[in-house]
Amino acid sequence: MKGTKGPKFNQFIADNRSAIMAFLRLRYSKLSSDDIEDIYQESSLALFHNISSKKFTDFGKLRSYFKKICINQSLKILGKKGTIPIIEINGSGMGTRYGISLANVQEVLEICSDEEEAKEMERKAKLVHSILKTMTNKCKQLLWSHYADGLSWDVIAEMNGLANANTAKATAYRCRDSFKEKYLELEAKIYGE
């Protein structure tokens, strides 16, 4: 897709519109149709800018990269609406942003029971956020690509330059185990559990 002007870029945007918008509707049900339309347009402009400025050059990963832009735009909108808490990875205002719903915290930790109150979930979410700040960007990306964004291991492997789905899965499980260990450690220190 050398030279972002012209039919190739427009064709890519048109060819991926239905699939990505369907993904956004399914993944972020709190977004309106207008929001999803705006997100797709903003993401298309961001992609155009990133290609034009040579910030993105790996065209073999174009679809995954574009989907990630759409996800980030969705999280930005949800964060503004107060629908989903947003954390920023490097704290500089320029880092990768992740939305973490309290339901996803339960899935990642696998230690919450269905009967726990919202207050308990909020407490755990705060612990999750503090631990995420200490983890490597690769671990954060792997964990949230799978648990928060629901991406397949094949897509995650491709997005992160890993050999295959099995490598991505094994690496993510090591990250998850490290995360759980830090979580339990921090929880015991703070709450004496």
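Helix 2 covers residues 33-52, and its 20 residues reach 29 Å from the first C-alpha to the last. That is close to the 28 Å expected at 1.5 Å a residue, where the expected span is 1.5 Å times one less than the number of residues. Helices here are DSSP runs of H or I with at least four residues, strands are runs of E with at least two, and both are numbered from the N terminus. The model is predicted: local features need pLDDT of at least 70, side-chain atom pairs count only at pLDDT 80 or more, and totals for chains, interfaces and linings use all residues. Residues are numbered from 1 along each chain as its sequence is written, and side-chain values use heavy atoms, with hydrogens and water left out.

**The whole protein**

- The protein has eight helices and two strands.
- Along the sequence these follow the pattern α-α-α-β-β-α-α-α-α-α.
- Of the 193 residues, 41% count as buried; buried means under 20% relative accessible area, exposed means over 50%, and partly exposed is in between (1.4 Å probe, protein chains only).
- The accessible surface comes to about 10700 Å², and 51% of that surface belongs to carbon and sulfur atoms. Areas come from the Shrake-Rupley method with a 1.4 Å probe, and for residues only the protein chains shown count as cover.
- Among contacts between residues at least 6 apart in sequence, 57% join residues at least 24 apart; a contact means heavy atoms within 4.5 Å.

**Helix 2 and S43**

- The buried residues of helix 2 are D35, I36, I39, Y40, S43, S44, L47, N50 and I51.
- An α-helix has 3.6 residues a turn, so residues three or four places apart point the same way.
- S43 is found in helix 2 and is buried, with a relative accessible area of 0%.
- A polar atom of the S43 side chain lies 2.7 Å from the backbone oxygen of I39. A polar contact is a pair of N or O atoms within 3.5 Å; within protein, one must be able to donate a hydrogen and the other to accept it, and residues adjacent in sequence count only if both atoms are side-chain atoms.
- Not counting residues up to four places away in sequence, S43 touches F66, I69, C70 and Q73.
- S43 and K67 are 24 residues apart in sequence, and their C-alpha atoms are 8.6 Å apart in space.
- Just after helix 2, K54 takes a positive phi of about 65 degrees.

**S74 in helix 3**

- S74 is found in helix 3 and is buried, with a relative accessible area of 0%.
- The side chain of S74 reaches the backbone oxygen of C70 at 2.9 Å.
- Leaving aside neighbours within four places in sequence, S74 is in contact with L24, Y28, L31 and I39.

**Aromatic rings**

- A search of the whole structure finds six aromatic pairs. Rings of Phe, Tyr and Trp (its six-membered ring) pair if their centres lie within 6.5 Å; planes under 30 degrees apart count as stacked, over 60 as edge-to-face and the rest as tilted.
- One of these is F12 with F66: the ring centres are 5.8 Å apart and the planes stand at 70 degrees, so the pair is edge-to-face.
- This pair links distant parts of the chain, with F12 in helix 1 (residues 7-27) and F66 in helix 3 (residues 62-81), 54 residues apart.
- Both F12 and F66 are buried.
- F56 and F59 have ring centres 5.8 Å apart and planes at 85 degrees, so this pair is edge-to-face.
- F56 is buried, at a relative accessible area of 8%, whereas F59 is partly exposed, at 29%.
- F12, Y40 and F66 form one aromatic cluster.

**Charges over rings**

- K67 lies over the face of F23, at 4.0 Å from the ring centre. A charge sits over a ring if NZ of Lys or CZ of Arg is within 6 Å of the ring centre and within 35 degrees of the ring normal.
- R27 lies over the face of Y28, at 5.7 Å from the ring centre.

- Helix 6 (residues 137-147) is mostly covered, with eight of its eleven residues buried.
- The buried residues of helix 6 are C139, K140, Q141, L142, L143, W144, S145 and Y147.
- K169 lies in helix 8 (residues 165-191) and counts as partly exposed, at 31% relative accessibility.
- K169 and W153 are 16 residues apart in sequence and 6.3 Å apart in space, C-alpha to C-alpha.
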